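Please look at the structure below. The paragraphs that follow take up a helix, then some contacts between rings, then charges placed over rings.

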Number of protein chains: 2
Amino acid sequence: MLNRVRSAVAHLVSSGGAPPPRPKSPDLPNSTSAPPAAPPQAPRSPPARAGSGSAAPARTVEARASFCRPTFLQLSPGGLRRADDHAGRAVQSPPDTGRRLPWSTGYAEVINSGKSRHNEDQACCEVVYVEGRRSVSGAPREPSRGQSCWSSQKEVTHESLVVGAIENAFQFMDEQMARERRGHQVEGGCCALVVVYLLGKVYVANAGDSRAIIVRNGEIIPMSREFTPETERQRLQMLGFLKPELLGGEFTHLEFPRRVQPKELGQRMLYRDQNMTGWAYKKIELEDLRFPLVCGEGKKARMMATIGVTRGLGDHNLRVCSSTLPIKPFLSSFPEVRVYDLTQYEHCPDDVLVLGTDGLWDVTSDCEVAATVDRVLSACEPNDPSRYTALAQALVLGARGTPRDRGWRLPNNKLGSGDDISVFVIPLGGPGSYS
Amino acid sequence: MLNRVRSAVAHLVSSGGAPPPRPKSPDLPNSTSAPPAAPPQAPRSPPARAGSGSAAPARTVEARASFCRPTFLQLSPGGLRRADDHAGRAVQSPPDTGRRLPWSTGYAEVINSGKSRHNEDQACCEVVYVEGRRSVSGAPREPSRGQSCWSSQKEVTHESLVVGAIENAFQFMDEQMARERRGHQVEGGCCALVVVYLLGKVYVANAGDSRAIIVRNGEIIPMSREFTPETERQRLQMLGFLKPELLGGEFTHLEFPRRVQPKELGQRMLYRDQNMTGWAYKKIELEDLRFPLVCGEGKKARMMATIGVTRGLGDHNLRVCSSTLPIKPFLSSFPEVRVYDLTQYEHCPDDVLVLGTDGLWDVTSDCEVAATVDRVLSACEPNDPSRYTALAQALVLGARGTPRDRGWRLPNNKLGSGDDISVFVIPLGGPGSYS
């Protein structure tokens, strides 16, 4: 995935040599240090296909067969076995002795409590350099012609080009997984959360149910949102409404507050369609007895009674349980990209961008993360480069809990997360500088 | 329109007698004073069909033939002529001597400077009472069965029922206009902005390019957003992508920063599709030479080179200029409904909800409106019930300007609005009480 983002941005930065001049091409610098990316990837939250164990974002059959963890953890064979131990669930971080992650970025992860053999989260973090060619600067603007709405040419900002490059990277990655599936019978899918820093701005791209927040001077700034059957209800319903053949006569695009019973035919029932945010009444017809495209709430929300995450990569072969109906047409590989301008605020060493997979957020609120940021960082020296890893470890431990009462329990005795948990902590004004 | 909203809410409040019991039906009070509605309607901003003079939201051929203004203006035949005078553009308000609008709501309007014979904005404001029948309270909840995502029944709030009723009212109104078109050859369409107060909450429903803002203690709270080819780009592109037959081989769903020239075939050009917010490059193919579904910026943005507003009522017969391609499939009659809870804040007499048609907002920013609210209301006695009409008049005058230098000019010498302008000012904590 990082390679895809890197090549997309590289393509953007280095373009301009061979191809013909482009309209009002924004001039990106010819040579730039770009972009560090820190993408944690997690398999989709396991719905009906939990336990299939086929969810890792595999590249080839070979890669899928051998369990691996992020290179920067520098795990020995023994370390790899300990990281893989569901009973101990030891928290893993890059070694103190090794090379630090860029800008002293902190990282920690822990394996699940047994739901799958291996940790299915994946992560990487790199600084990459892109050599830009000297651009043939923009062709002279042609005089406007035709309809009046063309009288001015639309402005295209640098920022929207980077956003477009990241969006395309996700799409290309998804297509690459489709090709590899055909060649190697590779199954499964994953969600993806990617951070790119380029020219003073942080781009956070999310497709799935991972989450990124900035904690700045105690304030929480959401940098992503989750894509689930609930948050994407109207997109999914609209697709089912416009392309009813995708519902295969098995599902209805309408939503009801509960399953409609055959005996209720002809009676009135609350419903929502693709255009509505509120509820209204309709008379139940035969088609309404079909299973709804979207049902359930919160962690139990499902699309086509199968999947709980509606954006991500892969899953080209996923089908409705006990049916041949494909689910992929409803899944989107496009991320939502949010941009944060680092130059608009004087950041201190305690301001951080926190990325976590669903294992963290299932049991931890944004406010709890902000409280942990404050507690851990205020206890460390501001210029101690290990403070962000200490914070990532504290967040992972806080979501995992400790083994007690036949399970992993949090201090409040609630269940901790039994899922894989991965956390990046990227300092926004820390010891490493972005210059 | 008001009748539609009234009957939809009445239906909601009074339902429960005859029909069979509904699932987890929220119990609305059996009798309630509901809902005052203040909907200003304006014809869509005139694009290619400007000057056609066919835009008034007509009910019948008869209604369309005779020019009328809101009943509450109590205009005499002479007054009606003055209101209709494009040269004088006299500001109209309800007479001081007559019955005030509910809660001392202020209103003012002015006709356009000549773009159409009559003022095509329409408005009404009423308190309506709905008699509720005693409801057969909810049937016992059935035990859950089937898939796990059905284990709990979805909660349906009172609020979401009111929102659903308003959404349906817009849809039914649009269908009613379709029926009347068939019967009476009625053309044209309009946008609609509706405010409903019910049980402590204000519901603002908008479909089109009117706008509502709350000004509270100087702070601006947007209560609507405009629906234009720019703000609805992705919805329109998605529809064109999924239903290419709606583009008739004349349009492409892709967006380009400017019109693609035939000589650019095979070259690279920036584009955006229905999934993207950023821009990326593609090689120009033959299909890309078609006219884009969405083009232009700001007031010049157009869908199918024809229309600048993408939600509203009517326009069932609208077609692309010099083509038979219908536009209606891309127009949505569904409003976005925002809810403001009046009980969450102690409102003072200077806190108001301001509604305006595009004639106001074309030349007036939210901040300028807030400044006028402060200036006018602070110069009036807090318990003077005419202060909200004075404010509405000041807002209309400020957008109209004065005749000077061959046009209507604002104090800064920029052009005032030549469009019809209508403004409601609804006090949130004024002399009239919501109890």
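In H8(B) of this predicted model, the buried residues are B:Arg387, B:Tyr388, B:Thr389, B:Leu391, B:Ala392, B:Ala394, B:Leu395, B:Val396, B:Ala399 and B:Arg400. Because 10 of its 14 residues are buried, H8(B) is largely enclosed by the rest of the structure. The helix covers residues 387–400 of chain B and spans 20 Å from its first C-alpha to its last, close to the 20 Å expected at 1.5 Å a residue. Just after H8(B) comes B:Gly401, with a positive phi of about 80 degrees.

Over all chains, the structure contains 10 aromatic pairs. One of them joins A:Tyr107 and A:Phe424: the ring centres are 4.8 Å apart and the planes stand at 50 degrees, so the pair is tilted. A:Tyr107 belongs to strand S3 and A:Phe424 to strand S20, both of chain A, so this pair ties together parts that are 317 residues apart in sequence. A:Tyr107 counts as buried because its relative accessibility is 0%, and A:Phe424 is buried with a relative accessible area of 0%. Together with A:Phe72, A:Tyr107 and A:Phe424 form one aromatic cluster.

A:Phe251 and A:Phe291 make an edge-to-face pair, 6.1 Å centre to centre with 90 degrees between the planes. This pair links distant parts of the chain, with A:Phe251 in strand S9 and A:Phe291 in strand S12, 40 residues apart. A:Phe251 is buried at a relative accessible area of 4%, and A:Phe291 counts as buried at 9% relative accessibility.

Charges also sit over rings. In chain A, the charged end of A:Arg216 is over the ring of A:Tyr345, 3.7 Å from its centre. In chain B, the charged end of B:Arg311 is over the ring of B:Phe227, 4.2 Å from its centre.

Terms used: Residues numbered from 1 in each chain as written. Chains lettered and ligands numbered in written order. Predicted model: local features only at pLDDT ≥ 70, side-chain atom pairs only at ≥ 80, totals over all residues. Heavy atoms only, no water. Helix = DSSP H or I, 4+ residues; strand = E, 2+ residues; numbered from the N terminus. Expected span 1.5 Å × (residues − 1). Buried < 20%, exposed > 50% of the residue type's maximum accessible area, 1.4 Å probe, protein only. Phe/Tyr/Trp six-rings, centres within 6.5 Å; stacked < 30°, edge-to-face > 60°. Lys NZ or Arg CZ within 6 Å of the ring centre and 35° of its normal.
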